[in-house]
Each structure stands twice: as structure tokens, then as C-alpha cells.
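Subject: Structure handover

Hello,

Here is the structure I promised to pass on. Please open it next to this email and follow along.

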Amino acid sequence: MMNGGNLVDNDSAVAGGVEDMYGEDIATTGQPVTPWTVSVASGYTLMRDPRHNKGLAFTERERDAHYLRGLLPPIVLSQELQEKRIMHMLRQYKVPLQRYMAMMDLQERNERLFYKLLIDNVEELLPVVYTPTVGEACQKYGSIFRRPQGLYISLKEKGKILEVLKNWPERSVQVIVVTDGERILGLGDLGCQGMGIPVGKLSLYTALGGVRPSACLPITIDVGTNNEKLLNNEFYIGLRQRRATGQEYAELLHEFMSAVKQNYGEKVLIQVIIDFANHNAFELLARYRSSHLVFNDDIQGTASVVLAGLLAALKLLGGTLADHRFLFLGAGEAGTGIAELIALEMSKQTGNPIEENRKKIWLVDSKGLIVDSRKHSLQHFKKPWAHEHEPVSKLVDAVKAIKPTVLIGTSGVGKQFTREVVEAMASINEKPLIMALSNPTSQAECTAEEAYTWSEGRAIFASGSPFDPFEYDGKVFVPGQANNAYIFPGFGLGVIMSGAIRVHDDMLLTASEALAAQVTEEHFKKGLIYPPFSDIRKISANIAAKVAAKAYELGLASHLPQPEDLVKYAESCMYSPVYRSYR
Ligand SMILES: NC(=O)C1=CN([C@@H]2O[C@H](COP(=O)(O)OP(=O)(O)OC[C@H]3O[C@@H](n4cnc5c(N)ncnc54)[C@H](OP(=O)(O)O)[C@@H]3O)[C@@H](O)[C@H]2O)C=CC1
Ligand SMILES: CC(=O)C(=O)O
Ligand SMILES: [Mg+2]
């Protein structure tokens, strides 16, 4: 059964006013089509339809009109009271995974109530549906699995991916978030169980960026896993084989990318690539960025959010971006992605060639500082960062040698910013800027408490997963959360509302500036370099407006004419979870 509302995609209308929504008319007699039927839900079916269910909030009139009498207890609750009741219930759970499961159950039961909770209680619930709890949920996905969410495309579907896409009940998809599960947060290869990440990210596209839930499609591509524990786990939900690589992998991914374009068209559909291992992630982005509307959240989204934090932090640190020296622990997707965007912004600001700016940025990988003598054996994305220097193997020695003003952790390995490292940063800088970006919390390079204590309260600190405020020497420090969740929802909305056909680096830079502009004096006083998530819908509308404006300026926007007030337009496009009345 199809849900009502939002079924009509005007672009697919055929002559004569008949809409060929399901491709039945254009299909030849030899091509299989899906026999969709559309019906109006009522009674028990209506209550079991998460998109339309209101539970006890169905009004007396709706109960009469929709055959619900007797199926519900007599009381009628407001959505606000339902929200209060469920928040109360959630707070009873002491185990984060129980909260996660309760939230997933709610999403499956009553979608609008799920989003109302998430929007109204974003700071409390973000750590539940997103990092860190989503990490644990992925690790245990096989055991906690109830109803499947999203689309699973495995090697078994090779040659049939277009048909699989047609099984998805929504026709007006605007954002696809896809993972192959090989690098889930800093937890490594979780194979098919990585599905929790696209599901979680897309719930943020809706809650934080206002993209309609029906327009969001989470996908996991299952090419096997090299995680022995999962392969030997009887509850594992994915293909029980080692990962396909090389041509077999490339062919499946190519079929997927082509099928998506064929099924949905290239206009106004952003394919967001997340948590792939870096060797595939860079390759996919390079291969498809000129033919598809692709966005790699770990490379591009992370870069944009960190640059925003740096631009804001300059108000506390002083100087321009080019006056600072940057050292990264971790030279993968996140590390090199951020480094490149910083260098690009420096070029925009100073007019210096990007090669010059790169020299202010140093990276350490698992083998030590990236230096010119290692160039021949480096992966291609590390080569631009191989500067002249003698080899240095330990991070603390790299800190002492490079004397960075900013230290950024993107290693996926916890506890790497030791006391020695933080103290070295604090001895070089009055206000050391330390970002421990690795997720989930267990993988953070250091905790907020460690950063503040070891720097004697002088560090400016932000982390990928949230930390509670910490009191040191009578002062309360509020750690910021440097997470791409600040950027991707608003960025996606900006792309969708402008009908941008490609993602351009200038759109990332403008998103950073838009986010940095939302940090106020009041936030700086608390040591924050990001605005609070509680303002995220307003922040996302601003990011969306700036991204859309840039798309129009670059000639990449296809929704014409350009709306006059893009912030207002962004706000008007945003999904609201408030219940609708049923006739
Ligand atoms: N806060 C946020 O918004 C985001 C956070 N992240 C987090 O960043 C982390 C890394 O992600 P990503 O860049 O995609 O991963 P990658 O696998 O692409 O990169 C990891 C890098 O860390 C290096 N590394 C691993 N172990 C060590 C070590 N012990 N010492 C020094 N370097 C080490 C690796 O070295 P080598 O190359 O030699 O193997 C590699 O260069 C993850 O934990 C992820 O959760 C990612 C995206 C967004
Ligand atoms: C936040 C995110 O995208 C990651 O940790 O991979
Ligand atoms: Mg990620």
C-alpha cells in the first residue's frame, strides 16, 4: 500500500495530464514494473502507518471519519502531551542503547511524533540517534534488528539494482545516503550493520535540515565484510563473505550510481556517500563528482564544519587563517579533506597559491609525520602534504617540531592526545586549539576534561562526539561539538531548494562562513566555537540560503527564478512535524 501525499512528481508527468509515477507507461512490454496500488488508509491500517499515525492524538472527528472508534482508548491527547509522555519514558532508560531502540520504535510507529521529539529536544536526543549511541547500535544491529529500514543492495542484486530501487515505495526521493559499512565512525568494518549510519544521518536531514522524511532514502551496499567477529556471529544480517574488491566492487558501485541516476533523474537528488574506507571514498568522489550530484560527508562535510570552527575561533585566537599552523593526527578522508579546504580558504583570503598554503598544514598518519622522504610510498591523497622535514614518528615530537597553533584529531583512535601532547600544545600556545574529532566517544583523541585540565584551562576544545560541560578552577567550560551534522542538513537543503546540479568547493566554503557567522559573543564567552545545536533549524536555514545563493552565482542552480529572500524560502521549505488534520 502506498502512503498518500507527495506522490506526484511533476517532472515525470507525461502528455495528456496522466502522471506515469511508477514508470508503467514508459516501460516496454518486456520490462518488469512494480504493481503499485494507491489507497486511502483508514481504521487499523491507518494506525499502523507511521507516516499518518497520530496514536492518541486522533481527534474525535477523525476517529469517526476514519473508522477508529473502539481501536483507541477514549482519551484524546495533544501532540505536546504525547511528547512529554515519551520524553518521560525515554529518561527512565539508563542504558543509551535502550533509548536508541525506543526512538527507532517510535520512528516506525509515529513518524511525526519522532521528529517532533528530535527537533524539540535536539541536544538531548542527538547523542541517542547519532554519535555516540548509533555506533553501539551498529555494532549490535544484528541482535537489535526489528523492522528493516532503508534499502539493502548486496552482491546478490548485481544486474538488478534498478529493480531494487523501484521496490522503494517513495517516488519523490531527494537525498540518498549510502554506506558500504567499511569504516563506520572509528569502529571499523561493520559490514551490513552500518545501516544505522545512513538511517541516523537521514533522520538529521529531516530534523535538523527540514528535508521531508519521504524524500530521504538510506541505502547500504553489502559487498561482504572483513570483520571476522561478524562473519562468525550467528545474528549477523549481511552477506557472510569477505569483502569484494577491485573490478567486482567497482562494477557494483557503477551499476548503483547509474541506476540511481536512471531511476530518479539527476536533478535535485543528492547522493551522500558516508563511512566508506578512504581508498574507495576518494575514488568514488573523483569518479562521480563531475557526472553526479555527489557529496562525501566525511571528506567535504567534515571539512566544512571544521573550517567553520576555525573561522569562528580566529576571534578568540587572533590573526588570520594563514597566520596559523595546523597539525593533524590522521591523514585519511577527514584529515586530508579538512586540510585541503583550509588551504583553499587561505588562498581565497590571501591570493597565495594553494601549494604555498599547504605548507602551513602538517599531517601525521600511523607511520608518523608525512614528509617528503616518504612520498614514493604515500597514497595519492597524502602526497600534497609531504613537506620537507626529517622523519618524526611520535605525535608529541611532531608537536614540538612543527609548533602548531591548532591540533586536530582525525585518526579514529582514542586517547592519542596524551597528557604530554596537550602539555606540549599548551607550552607553545597561550590558547591551544584542540579538536578531537574521532567518533564515537570511545575513539575521541582526548576528552574535554583532559584537554581543559592538562592545558590548565587554556585550551579551546571541540570534539566529534558530545562531552558534558566541565568545571576547572571555578570556571565552567562548554565543549563544542565539531561534527558534520552542523553542515550536511543545511547543505543538503540548499542543494535541493536551488536544484543545484553539482557540488562545488565554493559551496562548502560558503557553508563554513554561514556557520561561523552564527557564533555570537555569548558563545565565545563560554569557550564555544560552534553555536548550540538547539538553534540548528535556524542555522540550517542560513546555511541552506548561502549554499543556494552560491549555486545560483556559479550557474549550477536549476530552480529558476531565484527566490528573492533565500532564508525565508529555506524556512518555508522545511518539514514541520506538527500533525495534519485528516478530512
Ligand atoms: N567529527 C566529525 O564530524 C567526523 C569525524 N570523523 C572521524 O574521524 C575518524 C577518521 O575518519 P576517516 O578520516 O574517514 O578515516 P580514515 O581511515 O580515512 O583515516 C584515518 C587516518 O588515521 C591514521 N591513523 C590510524 N591510527 C593511527 C595512529 N595510531 N596514529 C596516527 N595516525 C593513525 C590512518 O593512518 P594510515 O593512513 O597510515 O592508515 C589514517 O591516515 C573516525 O573516527 C571518524 O569517526 C570522520 C568524519 C566526520
Ligand atoms: C560524524 C561522521 O560522519 C563520522 O564520524 O564518520
Ligand atoms: Mg561519517
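Below are the notes on what was found, part by part.

This is a predicted model, in which local features need pLDDT of at least 70, side-chain atom pairs count only at pLDDT 80 or more, and totals for chains, interfaces and linings use all residues. Residues are numbered from 1 along each chain as its sequence is written, chains are lettered from A and ligands numbered from 1 in the order in which they are written, and side-chain values use heavy atoms, with hydrogens and water left out.

Domains
The protein is divided into domain 1 (43-127), domain 2 (141-296), domain 3 (304-482) and domain 4 (486-573). These bounds come from an automatic or database domain assignment. The centres of domain 2 and domain 3, taken over C-alpha atoms, are 30 Å apart. In contact (heavy atoms within 4.5 Å) are 10 residues of domain 2 and 10 residues of domain 3. About 750 Å² is buried between these two domains, and carbon and sulfur atoms give 60% of it. Buried area is the accessible area (1.4 Å probe) that two parts lose on being put together, summed over both. On the domain 2 side, Gly186, Asn278 and Phe282 lose the most area to domain 3, together 60% of what that side buries.

Helix α14
Helices (H or I, at least four residues) and strands (E, at least two) are DSSP runs, numbered from the N terminus. Helix α14 covers residues 297-317 and has 21 residues. Its first and last C-alpha are 28 Å apart, close to the 30 Å expected at 1.5 Å a residue. That expected span is 1.5 Å times one less than the number of residues. In α14, 18 of the 21 residues are buried, so the helix is largely enclosed by the rest of the structure. Buried means under 20% relative accessible area, exposed over 50%, partly exposed in between (1.4 Å probe, protein chains only). Just after α14, Gly318 takes a positive phi of about 85°.

Magnesium
Which residues coordinate the magnesium ion (ligand 3)? Asp275 (OD) and Asp298 (OD) do, at 2.0 Å. Asp275 lies in the loop between β4 (270-273) and α13 (278-288) and Asp298 in helix α14, so the pair ties together parts 23 residues apart in sequence. Donors are N, O and S atoms within 2.8 Å of the metal (3.2 Å for Na, K and Ca); water is not among the atoms, so sites may look incomplete. Both Asp275 and Asp298 are buried.

Helix α21
Helix α21 (residues 505-516) is mostly covered, with 10 of its 12 residues buried. Its cover includes α14 and α15 (333-350).

Best wishes
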